[in-house]
2 protein chains.
Amino acid sequence: MLGKLSVIGIGPGDPELLTLKAVRIIKESQVLCVPKGREEGSSLALSIVEKAVALEGKEVLEAHFPMMKTRKSKGAEKDELDAKWSSAAADMLAKLKEGLDVAFPTLGDPTIYSTFFYLYDKLIELEPDLEIEIVPGVSSINAAAARANIYLGLGNDSIAVLPANYMDNLKSTLSTFNTVVLMKVNKVLNDIVKLLDEMGLADKAVCVSRVGMEDEEVIDDIRSIKQEELNYFSMIIVRK
Amino acid sequence: MLGKLSVIGIGPGDPELLTLKAVRIIKESQVLCVPKGREEGSSLALSIVEKAVALEGKEVLEAHFPMMKTRKSKGAEKDELDAKWSSAAADMLAKLKEGLDVAFPTLGDPTIYSTFFYLYDKLIELEPDLEIEIVPGVSSINAAAARANIYLGLGNDSIAVLPANYMDNLKSTLSTFNTVVLMKVNKVLNDIVKLLDEMGLADKAVCVSRVGMEDEEVIDDIRSIKQEELNYFSMIIVRK
């Protein structure tokens, strides 16, 4: 009898933004699977969860997840990444095959740029009968807008969300959409500020950094930001 | 001493998708302000909240919120709507001025098409010192993708969210973005299915209706849907 796998959105960082359902399923699961530490050697997701749920007696499976570029890799690099994903999937499946329920907490909402979906196909390939429940969570995008006291959309507004490496379509998207959310701006901030300035939109933009975490910041004057000081967890919301 | 106003995202319908923070603030607030019944005479938001939090002893303020078209109305109609919004704002302020904390629960996430933001400016205009906290919640968009077991974005994917009346830009948006979420499709379904068919995208689309509610539905074959039977709370997610 296979255990059940639950992929759980835990919100952007504030442990109070876990849902009642997230708390219940984590409590009920015997095993917690977390990505092996990206931030200072310990899993960020785990550190948030343990502030909201007592984890004593649970097994914590730390799986190594390769970085996000998987889908664009080729040749030997692709094979190597693929092998790592397969190995992470096999580790999780071993627990599920023992009949244990596994919870996989993921920052924000699982459907928004969560690494988990790289695993999804591997898991189903290895075990077609596996039951996977995706438990939605508060996305960092919604939390950032809330923190800045603005809406993302109202009435018939259109909203675009663009991750990094989007400079190609940025101008036309900014012309067409009422709200544009730019994710992971830390590497391209200077180019973005320049374009927004040219389009007369710099004053319509707000930058939210590390939303939901203790050192979160809302920066209204995006021109004042130094690109090299900006954190990876930073986004800009432009609302026309 | 003014009370505090908290605008609280309660998620798409499942009471378990309230966050810990939503539950705490609703418990701590003396007054709950809810829109006067859109659905069969009782407030949908209230019926969800009361399944997660005991509301005994709390005052429930039912405010009449005019329909969403406010921003496009003109002349006498605009004045009438404006007066209704002002009156709703005044009712809430009266409670806050008694020093009572007011919670305003809103379906999904407050920053995603929530009626509350029509009130925001009125409230600040009447009472510039008012403290308003926006508490983010699980958006119906994220919940719908989770329910359909798909992601909205992965890696460098771009995401567009379009509400109804978007047929103008739909084709170019479908060409440019990796994922397109079409809200409130119930009035325009036939046109959408026709366009998606022409673009070879009908098989990449899924319709999710009343996500988070007891009668939620995921419909993989969008061609099988009858427009006249589709609920207002329905969206289509196209993922290329």
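Domain bounds here come from an automatic or database domain assignment. On that basis, the C-alpha centres of domain 1 of chain A and domain 2 of chain A lie 28 Å apart. This is a predicted model, in which local features need pLDDT of at least 70, side-chain atom pairs count only at pLDDT 80 or more, and totals for chains, interfaces and linings use all residues. Residues are numbered from 1 along each chain as its sequence is written, while chains are lettered from A and ligands numbered from 1 in the order in which they are written.

**Domains of chain A**
- Domain 1 covers 5-135 and domain 2 covers 140-239.
- Eight residues from domain 1 of chain A and seven residues from domain 2 of chain A make up the contact (two residues are in contact if their C-beta atoms, placed from the backbone, lie within 7 Å).
- On the domain 1 side, four residues are nonpolar, three polar and one charged; Ala, Val, Leu, Ile, Met, Phe, Trp, Tyr, Cys and Pro count as nonpolar, Asp, Glu, Lys and Arg as charged, and the others, Gly among them, as polar.

**Chain A against chain B**
- Each chain has a part in the contact: 48 residues from chain A and 48 residues from chain B.
- On chain A, the elements giving two or more residues to this side are α1 (20-28), β5 (132-135), α5 (140-147), β6 (159-162) and α6 (167-176). Helices (H or I, at least four residues) and strands (E, at least two) are DSSP runs, numbered from the N terminus.
- The chain A side has 28 nonpolar, 14 polar and six charged residues.
- Strand β6(A) runs antiparallel to β6 (residues 159-162) of chain B, joined by three bridges; two strands pair if DSSP finds at least two bridges between them.
- Ala160(A) has Ala160(B) as its bridge partner in β6(B).

- Of the contact residues of chain A, 100% recur in chain B, so the same surface serves both copies.

**A positive phi**
- Lys184(A) is not a glycine, yet has a positive phi of about 45°.
- Lys184(A) sits in the loop between β7 (179-182) and α7 (189-198) of chain A.
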